[in-house]
Amino acid sequence: MSRTLAVLLLASASIFTSPSATKAFAETPAITQQAPATVHYRTMKIDGINVFYREAGPSDGPVVVLLHGFPTSSHMFRNLIPLLADRYHVIAPDYPGFGQSDAPDHTKFEYSFGHYADIVDTLLTKLGAAKYSMYVMDYGAPVGYRLALKHPDRVTGLIVQNGNAYEEGLREFWDPIKAYWAEDTKEKREALSGLVALETTKFQYTDGVKDLTRISPDNWVHDQALLDRPGNKDIQLDLFHDYGSNVPLYPQFQQFFRDRKPPTLIVWGKNDKIFPEVGAHPYLRDLPEAELHILDTGHFALEDKLDEMVPLIRSFLDRKVAK
């Protein structure tokens, strides 16, 4: 052993055996970090099919229901759920035909927004959710608002993210779909086939986003793989047609807002061409106390604005729901 190495070893030994060193180490604060919430992936048999849902958080916490849009699933909430589940009981279902839920043939199962609301209602009832706030996005808005009409006393709050309830919000993007509502023909139906193509799926995640490095390509790969399942195109085309059944209910949705005045947070991607910003502001006519935040992003705002949205959502829930 070299003389230099021996000296270093002796010096180290003297440090670790000295009372002052021991005290210093003892006084060093321990580094602690809260463990991430455990997310459970479950299914429940409803109307003869398996309905998949994600669930996390304390069973006795305030319930927050996350209702997804097209063409995704509860997967869109994968990053948000753990950030709410320390305090809130979070439930995020996949509608039939989406995500991990069953997708029976469209000729044997009714794919409609009314049916989806009934299925979510059954799920929440069986899970014992007597009161809940709802995060509604895209398709999740009519599903959630139909649920609110069924049980207005159960809704403790709304988080609205690019989810429409006003005709002002149905702009140019919707013209071919409105043509299909007006004339249910094979030609009008097939004209919408491009809405389930990879190019459109990718567009929904990337259009209007300033920093594309924040958007994981896994999103459109995941969604498109499910869209491309045999028979799924017809499921989606049925739903495009049935979306028209929501529009006559808009006045009832708006009456619910006025009558019940649920605490409401609106976080809206202003660059969304599907549900543009003009659809966000009318909410204030019926919910003048709503908290409105317009974000510089597109349709799937959680993908690149999670860091901005979570503080808004947590603050809203803590003040208005869990108070």
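This report describes the fold, nonpolar cores, aromatic pairs and salt bridges of a predicted model.

## Basis and overall make-up

Because the model is predicted, local features require pLDDT of at least 70 and side-chain atom pairs count only at pLDDT 80 or more, while totals for chains, interfaces and linings use all residues. Residues are numbered from 1 along each chain as its sequence is written, and side-chain values use heavy atoms, with hydrogens and water left out.

The chain contains 13 helices and eight strands, where helices (H or I, at least four residues) and strands (E, at least two) are DSSP runs numbered from the N terminus. Of its 323 residues, 51% count as buried; buried means under 20% relative accessible area, exposed over 50%, and partly exposed in between, with a 1.4 Å probe and protein chains only. Among contacts (heavy atoms within 4.5 Å) between residues at least 6 apart in sequence, 75% join residues at least 24 apart.

## Nonpolar cores

A nonpolar core is taken here as a set of buried Ala, Val, Leu, Ile, Met, Phe, Trp, Tyr and Cys residues joined through side-chain atoms within 4.5 Å. The largest such core has 62 residues, of which Tyr132, Met134, Tyr139, Tyr145, Phe257 and Tyr283 touch the most other members. Helix H4 supplies the largest share of this core, six residues. Another core, of 34 residues, lies apart from it and includes Leu84, Phe300, Leu302 and Phe316.

Leaving aside neighbours within four places in sequence, Tyr283 is in contact with Tyr145, Val160, Gly163, Asn164, Ala165, Tyr166, Phe257, Ile266 and Trp268.

Helix H4 covers residues 113-126, and its 14 residues should span 20 Å at 1.5 Å a residue, which agrees with the 20 Å between its end C-alpha atoms; the expected span is 1.5 Å times one less than the number of residues. The buried residues in H4 are Phe113, His115, Tyr116, Ala117, Ile119, Val120, Asp121, Leu123 and Leu124. After H4 comes Gly128, whose phi is positive, near 75°.

Asp121 is also joined to His151, through a polar contact of 3.0 Å between their side chains. A polar contact is a pair of N or O atoms within 3.5 Å; within protein, one must be able to donate a hydrogen and the other to accept it, and residues adjacent in sequence count only if both atoms are side-chain atoms. His151 is found in the loop between H5 and strand E6 (155-160), and at 16% relative accessibility it counts as buried. Not counting residues up to four places away in sequence, His151 touches Asp121 and Tyr132.

## Aromatic pairs

The structure holds 28 aromatic pairs, in which rings of Phe, Tyr and Trp (its six-membered ring) have centres within 6.5 Å, with planes under 30 degrees apart counted as stacked, over 60 as edge-to-face and the rest as tilted. In one of them, the rings of Tyr145 and Phe257 have centres 5.2 Å apart and planes at 80°, so the pair is edge-to-face. Since Tyr145 lies in helix H5 (residues 140-150) and Phe257 in helix H11 (residues 250-260), the pair ties together parts that are 112 residues apart in sequence. Tyr145 is buried at 1% relative accessibility, and Phe257 is buried at 0%.

Ring pairs also link Phe70, Tyr95, Phe98, Phe113, Tyr116, Tyr139, Phe173, Trp174, Trp181, Phe240, Tyr243 and Phe275 into a cluster.

## Salt bridges

There are 19 salt bridges, each being a side-chain nitrogen of Lys or Arg within 4 Å of a carboxyl oxygen of Asp or Glu. Lys233 and Glu190 form one of them, with their closest N and O atoms 3.2 Å apart. Lys233 lies in helix H10 (residues 232-242) and Glu190 in helix H7 (residues 186-190), so this pair ties together parts that are 43 residues apart in sequence. Lys233 is partly exposed at 32% relative accessibility, and Glu190 is partly exposed at 36%.

Within helix H13 (residues 302-321), Glu308 and Lys305 lie three residues apart, about one turn of the helix, and form a salt bridge whose closest N and O atoms are 3.3 Å apart. Glu308 is partly exposed at 37%, whereas Lys305 is buried at 16%. Asp318 forms a salt bridge with Arg314, the closest N and O atoms being 3.9 Å apart, and these two residues are four residues apart in H13, about one helical turn. Asp318 is partly exposed at 27%, whereas Arg314 is buried at 17%. Salt bridges with shared partners join Asp86, Arg87, Arg314 and Asp318 into one network.
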